Amino acid sequence: MSIIDPVNKSKIPDEWINRSKIPRDELEEGIKSGMLVVLSDGSVLRRGYTTGTTATVAAKAAVLSLRKDVNRVSVPTPVGLRAVMDVKAKDGYAVAVKLKNDHESDITRGLEFESKAVESDKINITAGEGIGIVTRGGLQSKKGYPAINPKPMQQIKAAIAEAVEEIGIKGVEVEISLPKGAEIAKKTLNSRIGVEGGISILGTTGFVEPWNDHLGEMKSDLVREASKVVLTTGRIGIRYSTMLFPDHTVVLAGSRISEFLESTTGEVAICGLPGLILKWGDPDMLKDSGFATVSEMIEVEPEGEHIKRAFAKTVEKGKGARIVVVDRDGTVLMDSGEKK
């Protein structure tokens, strides 16, 4: 039996739940809300809300406060859950503070989001101080426009529409701003990717995952200094590596697994999706197999000789590293360290 995490859709085995020191009812409630993540040893990490969700809370609260003071708001998220946050809002002005979470490198934790609302004939949303402007093409937001990605913009519009209906008005002008946005943006990579003057409003799920991808850090130093390290290949790999190996340093190695493997000095695991991990171990695994992709091969012949051969080659190439292959819902498909 397992519970499904409603944010990342991963399976949480019952034994993980049983290892936790948090009462089961409380833990299950936290999981269902999207705020708690359970790791394989029963330890628990707390998610936060994205800049998109926090901006949404401020915007909705500002609109609701045109009729009465507001101190708590519920808003929709892209994954279908409701996000509930405390907020201070009065007379069309709201302040929401981004929740702190267990993502140690989230520099927007505790940042204040402000919103102002004025009744109007239609709904209109503008970006104020502290929200960056896109200065080049290729990003999700258009060049010359505020750096508010499509998913959070949909989230903000939906929440404002809820508020407009709730208080019975025709429309509203809403401005969202971050007084310290420009200052915080200097600590991000925004200027390098083409966003100037503030932070970006982001979030594909509405929730911030509680693990570090170590982007911008010296990964070779992390790998060399860690007594226990997991090398992984992508964001899904980061998620499940953190959940399966809570006492390891998880490093996003991408295509540099071989390079980082040579730098390790302690206990090593390599964990990720089959199309990435097995192809690293056996680049020619699809040759003469009759399959177009590793995913197709796994689906049709999960116990087939091609898979077994590729896994054996991956274990050999790993030079003693534990090899763990997972699917997209977190199920462990292959594990060289599994006890027979």
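What is the volume of the largest cavity? About 30 Å³, and the structure holds one cavity of 30 Å³ or more. A cavity here is a set of points, on a 1 Å grid over the protein atoms alone, where a 1.4 Å probe fits but cannot get out, and its lining residues have an atom within 4 Å of a point. Grid points are joined across faces, edges and corners, and the volume is the space filled by probe spheres set on them.

Before going on, note that this is a predicted model, where local features need pLDDT of at least 70, side-chain atom pairs count only at pLDDT 80 or more, and totals for chains, interfaces and linings use all residues. Residues are numbered from 1 along each chain as its sequence is written, and side-chain values use heavy atoms, with hydrogens and water left out.

Back to that cavity: Lys11, Trp16, Tyr240, Met243, Leu244 and Gly330 line it. Helix α8 (residues 235-244) gives the largest share of the lining, three residues. Helices (H or I, at least four residues) and strands (E, at least two) are DSSP runs, numbered from the N terminus.

Now for the sheet. Six strands make it up, open and with mixed pairing, in the order β6-β7-β8-β9-β12-β10; two strands pair if DSSP finds at least two bridges between them. At the edges sit β6 (70-76) and β10 (123-127), each pairing on one side only. Strand β10 runs parallel to β12 (residues 171-177), joined to it by five bridges; Ile123 has Val172 in β12 as its bridge partner. Helix α4 (residues 150-167) packs on the sheet, touching β6, β7 (82-90), β10 and β12, where contact means heavy atoms within 4.5 Å.

Technical notes:
Axes are lines fitted to C-alpha atoms, for helices over the stretch in contact, and angles run from 0 to 180 degrees between N-to-C directions. On a 1 Å grid over the protein atoms alone, a cavity is a set of points where a 1.4 Å probe fits but cannot get out, and a pocket is an open set with protein on both sides within 12 Å along at least five of seven lines; lining residues have an atom within 4 Å of a point.
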